[in-house]
Amino acid sequence: MCKDDGQIESPRGCESRDDLLWDRERLTDPHHQPDKADRVRGMFDAIAPTYQLINTLASFGRDASWRRQAVALAATTSQDRVLDVACGTGDLAQAFRQRAGRVVGVDFAERMLALAAAHAPRRQNRPPAIWCRADALRLPFADGTFTMTCCAFGVRNFQDLDVGFREMYRVLRPGGRAVIVEFSMPENRLLRWLYGFYFERMMPRLATLVSRDRTGAYRYLARSVVAFVGRGEMVDRLRRAGFTGVACRPLTLGVVLVYVAEKGS
Ligand SMILES: C[S@@+](CC[C@H](N)C(=O)[O-])C[C@H]1O[C@@H](n2cnc3c(N)ncnc32)[C@H](O)[C@@H]1O
């Protein structure tokens with residue numbers, strides 16, 4: 001199901017989940033829950049209405065700049081056909097749309113995608129973005145469809161990271177690039193402690209209060225970042241998926257990492 005900007009209908013029959021999806025037991029090992037994908041989808045459908053507000057507040061307004069820097073690092077041109085995987089409310093897709101030729105966003109959370117379509121700014125000199133409801137682990141596109149695949153703050157949520165990377169690789173044409181933006185913990189020990197205090201203790205409480213979340217989304221956010229693979233393993237796994245020339249650039253003291261990788265021609 002793919003539609004142009006503004007054309008995804010508000011979901012009907014899509015129940016918002018506000019039960020506790022991430023309890024203490026599941027948070028001990030969030031990446032190895034057999035039903036992680038269902039929990040992730042339910043959680044994002046539940047927090048969709050306040051997702052962008054909390055992003056801006058929790059990152060002190062840095063999140064828009066992280067996406068802009070990712071677009072710049074990707075050396076995007078008007079010839080690019082970009083697939084934004086796990087596009088959520090569409091912020092990275094919109095940042096790409098200012099430079100790229102065509103932009104398609106996919107996400108499996110219907111409420112996030114509905115907001116992406118509803119909020120999309122209309123620019124007469126740019127083709128509209130296309131929004132598709134789809135699973136990043138089974139992308140509904142032929143091999144080699146895009147010149148660029150990107151994913152911001154999404155890969156950490158995948159049920160299977162390697163399958164996600166292989167799909168991002170498969171739909172790229174030879175010579176194409178992948179850009180992945182993901183949270184990380186700073187390497188410096190003092191910074192790591194200070195950031196950990198904010199990110200694991202203060203942020204989940206404040207974000208839960210403001211968003212009135214009951215799913216445990218913001219405790220999951222902190223735990224899923226702390227428990228996620230480090231940059232060395234990310235680079236290895238991108239290479240194992242077939243990518244070459246993998247580079248990693250830290251942003252904002254290393255709390256965000258941008259990976260750029262190539263599909264050999
Ligand atoms: C933290 S949000 C990031 C959204 C957006 N990329 C941004 O920069 O704000 C993560 C998104 O990944 C989506 N997601 C996670 N796993 C997915 C999957 N297997 N297929 C499609 N979307 C997925 C979620 O629904 C959610 O919208």
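At what angle do the axes of helix H7 and helix H10 cross? The axes of H7 (residues 161-170) and H10 (residues 231-240) cross at roughly 50° and come within 9 Å. Helices are DSSP runs of H or I with at least four residues, numbered from the N terminus.

This is a predicted model, in which local features need pLDDT of at least 70 and side-chain atom pairs count only at pLDDT 80 or more, while totals for chains, interfaces and linings use all residues. Residues are numbered from 1 along each chain as its sequence is written, and side-chain values use heavy atoms, leaving out hydrogens and water.

Another helix pair is H2 (residues 36-47) and H9 (residues 217-226), which pack at an angle of about 130° with axes 10 Å apart. That makes H2 oblique to H9.

Now to the ligand. Among the 18 residues around the ligand (each with a heavy atom within 4 Å of it), Tyr 51, Ala 86, Asp 107, Ala 136 and Ala 152 come nearest. The table shows polar contacts, pairs of N or O atoms within 3.5 Å.

| Protein atom | Ligand atom | Distance |
|---|---|---|
| Asp 107, side-chain N or O | oxygen | 2.6 Å |
| Asp 135, polar side-chain atom | nitrogen | 2.9 Å |
| Ala 152, polar backbone atom | nitrogen | 2.8 Å |

Key. Polar contact = N/O pair within 3.5 Å; in protein donor to acceptor, adjacent residues only side chain to side chain. Axes fitted to C-alpha atoms, helices over the stretch in contact; angles between N-to-C directions. Helix = DSSP H or I, 4+ residues; strand = E, 2+ residues; numbered from the N terminus. Parallel < 35°, antiparallel > 145°, perpendicular 65-115°, else oblique.
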